[in-house]
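Visitor: I am new to this structure and would like to learn how its features are read. Could you take me through them slowly?

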Amino acid sequence: KKAIEYQSTSLHLSQELKDTIGMTRSYLNIASAYLDIPDYYKAIDNGFLAIKLFDAIKERSLDYANTLNNIGLAYERLKEFDKALDYYQKALAIQKELENQQGIANMLDNIAIVYLQQGQFLKNNVLRKYKFNAALENYSMSLNILEAGDDKYTTALVYNNIGNTYWELNDFPNALVFLNKSLDMYKQLGHKSGIASALNSLATH
């Protein structure tokens, strides 16, 4: 809450100075703080205020992409998956314009997570399979970028997510391949909580 107080003070100063860029940054930071509290509706409201200003000054920046991502994340946590996908797709488009490979990979991963959750909530097997395959498609695109870089932690996480998605599709051989890849990479990193998570995925499956 202290963060919100400080950012609100910064916002008021920016408003007095008619500093539009400063105002957008303040709204973005306030939205991020509300995500942490969490108060998802206030995070969304402040995200919208930032987007309105970004659009007014025609700024297509990393901060703009992060604001869209934060709105998507708030909707995802509220289980409003269609809205989450809409904002994640918008954030992905900005990351592509900026040619930010890590950002593109992260957004593809977020989109995949939403498809996975949608599939888990569905009863219709045809629709479930469609959502799980959509998740795999986005995970695979994310993984192509990650494997070419050096973010091994996120790569291990995506391996784990792909394994879990294959398990939902009853493709157990591929599920085990990716879950073990995740475990091996976490071991290389010496990441204890990641190792525990991968072992848990293997044990529960």
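Guide: Let us begin with burial: a residue is called buried if its relative accessible area is under 20%, exposed if it is over 50%, and partly exposed in between, with a 1.4 Å probe and protein chains only. By that rule Phe121 is exposed, with a relative accessible area of 55%, and buried residues make up 46% of the 205 residues in the chain. Please keep in mind that this is a predicted model, in which local features need pLDDT of at least 70 and side-chain atom pairs count only at pLDDT 80 or more, while totals for chains, interfaces and linings use all residues. Residues are numbered from 1 along each chain as its sequence is written, and side-chain values use heavy atoms, with hydrogens and water left out.

Visitor: How many helices and strands are there in the chain?

Guide: Helices (H or I, at least four residues) and strands (E, at least two) are DSSP runs, numbered from the N terminus. Here the chain has 10 helices and 0 strands, and along its principal axes the C-alpha trace spans about 60 × 40 × 30 Å.

Visitor: What is the reach of helix α2 from its first C-alpha to its last?

Guide: The expected span of a helix is 1.5 Å times one less than its number of residues. Helix α2, residues 20–36, has 17 residues and reaches 25 Å, which is close to the expected 24 Å. Its buried residues include Met23, Tyr27, Ile30 and Tyr34, and what covers the buried residues of α2 includes α1 (2–16), α3 (40–56) and α4 (62–77).

Visitor: Which residues does Ser61 touch?

Guide: A contact means heavy atoms within 4.5 Å. Ser61 lies in the loop between α3 and α4, and it counts as buried because its relative accessibility is 15%. Leaving aside residues up to four places away in sequence, Ser61 touches Phe54, Ile94 and Leu98. For the chain, among contacts between residues at least 6 apart in sequence, 50% join residues at least 24 apart.

Visitor: How many aromatic pairs does the structure hold?

Guide: A pair of aromatic rings is described by the distance of the centres and the angle of the planes. Rings of Phe, Tyr and Trp (its six-membered ring) pair if their centres lie within 6.5 Å, and planes under 30 degrees apart count as stacked, over 60 as edge-to-face and the rest as tilted. The structure holds 8 such pairs. In one of them, the rings of Phe54 and Tyr64 have their centres 5.3 Å apart and their planes at 35 degrees, so the pair is tilted. This pair links distant parts of the chain, with Phe54 in helix α3 and Tyr64 in helix α4, 10 residues apart. Phe54 is buried, with a relative accessible area of 0%, and Tyr64 counts as buried at 6% relative accessibility.

Guide: The rings of Phe81 and Phe121 have their centres 5.7 Å apart and their planes at 50 degrees, so that pair is tilted. Phe81 lies in helix α5 (residues 81–97) and Phe121 in helix α6 (residues 101–121), so the pair ties together parts that are 40 residues apart in sequence.

Visitor: Is Asp109 buried or exposed?

Guide: Asp109 is in helix α6, and it counts as buried because its relative accessibility is 7%. Not counting residues up to four places away in sequence, Asp109 touches Tyr139, Ser142, Val158 and Asn161. The C-alpha atoms of Asp109 and Thr154 are separated by 9.5 Å, although these residues are 45 apart along the chain.

Visitor: Which residues does a cis peptide bond join, and what is the phi of Lys18?

Guide: Most residues other than glycine have a negative phi, and most peptide bonds are trans. Here a cis peptide bond joins Ile37 and Pro38, with omega about -5 degrees, and Pro38 lies in the loop between α2 and α3. Lys18, in the loop between α1 and α2, has a positive phi near 55 degrees and counts as exposed at 71% relative accessibility. Glu99, in the loop between α5 and α6, also has a positive phi, near 55 degrees, and counts as exposed at 65% relative accessibility.
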